[in-house]
Amino acid sequence: MRIYETLFIIDPTLEEEARNKLVDRVKNQIEEKMQGKIRQIDRWGVRQLAFKVQKFNEGDYTVILFDADPSQIKSLEEMYKVIPEIFRHLILRREDLEKHPVSPKQAEEVEEVAVAQPAMNVESNETEMPKEVENS
């Protein structure tokens with residue numbers, strides 16, 4: 001099993017319920033037909049596209065992180081091609097997560113460090129330290 005991430009964009013003119021059914025269809029494809037395991041589903045919602053694709057200026061974005069056998073990935077690719085409401089898709093292997101898995105505790109520590117980083121004062125072009133860091 002390897003770790004993959006798929007991003008797909010759904011026609012934003014569809015009803016919310018229809019878009020949710022498409023996400024469920026992709027989820028079922030991964031879990032049932034590919035015998036994969038979903039790690040995370042992240043619905044970004046309707047967002048502006050960088051450029052017009054087909055007739056769309058917007059799209060409903062969804063990102064799914066999952067584990068699957070590499071030989072099964074082609075079936076997901078083929079499913080995307082036959083669903084006209086999904087007009088863009090991408091499937092990536094996440095080697096970074098395979099080599100260096102991040103536990104939930106490590107993810108919290110990374111967020112804490114990011115919060116303690118100095119903030120740049122745009123007006124004076126000086127660095128400001130958070131008060132709790134200055135006092136230490």
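Q54 is exposed, with a relative accessible area of 57%, where exposed stands for over 50%, buried for under 20% and partly exposed for what lies in between, using a 1.4 Å probe and protein chains only. The model is a predicted one, in which local features need pLDDT of at least 70 and side-chain atom pairs count only at pLDDT 80 or more, while totals for chains, interfaces and linings use all residues. Residues are numbered from 1 along each chain as its sequence is written, and side-chain values rest on heavy atoms, with hydrogens and water left out.

**Loop residues with positive phi**

- Q54 sits in the loop between β2 and β3, and its phi is near 55°, a positive value in a residue other than glycine; the helices and strands named here are DSSP runs (H or I, at least four residues, for helices; E, at least two, for strands), numbered from the N terminus.
- Q35 belongs to the loop between α1 and β2, has a phi near 55°, which is positive although the residue is not glycine, and is exposed at a relative accessible area of 57%.

**Salt bridges**

- Side chains of opposite charge can pair when their charged atoms come close.
- A salt bridge is taken here as a side-chain nitrogen of Lys or Arg within 4 Å of a carboxyl oxygen of Asp or Glu, and by this rule the count comes to ten salt bridges.
- Within helix α1 (residues 16–33), E16 and R19 stand three residues apart, about one turn of the helix, and they form a salt bridge whose closest N and O atoms are 2.9 Å apart.
- In that pair E16 is partly exposed, with a relative accessible area of 41%, whereas R19 counts as buried at 8%.
- K21 and E17 also both lie in helix α1, four residues apart, about one turn of the helix, and their side chains meet in a salt bridge at 3.7 Å, N to O.
- Both ends of this pair are exposed, K21 with a relative accessible area of 53% and E17 with one of 55%.
- R39 forms a salt bridge with D67, the closest N and O atoms being 2.7 Å apart.
- Because R39 lies in strand β2 (residues 37–53) and D67 in strand β3 (residues 56–68), the pair ties together parts that are 28 residues apart in sequence.
- R39 is partly exposed, with a relative accessible area of 46%, while D67 is buried at 12%.
- Salt bridges that share partners join E16, R19, R43 and D60 into one network.

**Packing of the two helices**

- Helix α1 packs with helix α2 (residues 73–82) at an angle of about 155°, their axes being 10 Å apart; axes are lines fitted to C-alpha atoms, for helices over the stretch in contact, and angles run from 0 to 180 degrees between N-to-C directions.
- The two helices are therefore roughly antiparallel to each other, a term that applies to angles over 145 degrees.
- The contact, meaning heavy atoms within 4.5 Å, is made by R25, V26, Q29 and I30 of α1 together with S75, L76, M79 and Y80 of α2.
- By class, this contact of α1 with α2 has five nonpolar, two polar and one charged residues, with Ala, Val, Leu, Ile, Met, Phe, Trp, Tyr, Cys and Pro counted as nonpolar, Asp, Glu, Lys and Arg as charged, and the others, Gly among them, as polar.

Terms used. Parallel < 35°, antiparallel > 145°, perpendicular 65-115°, else oblique.
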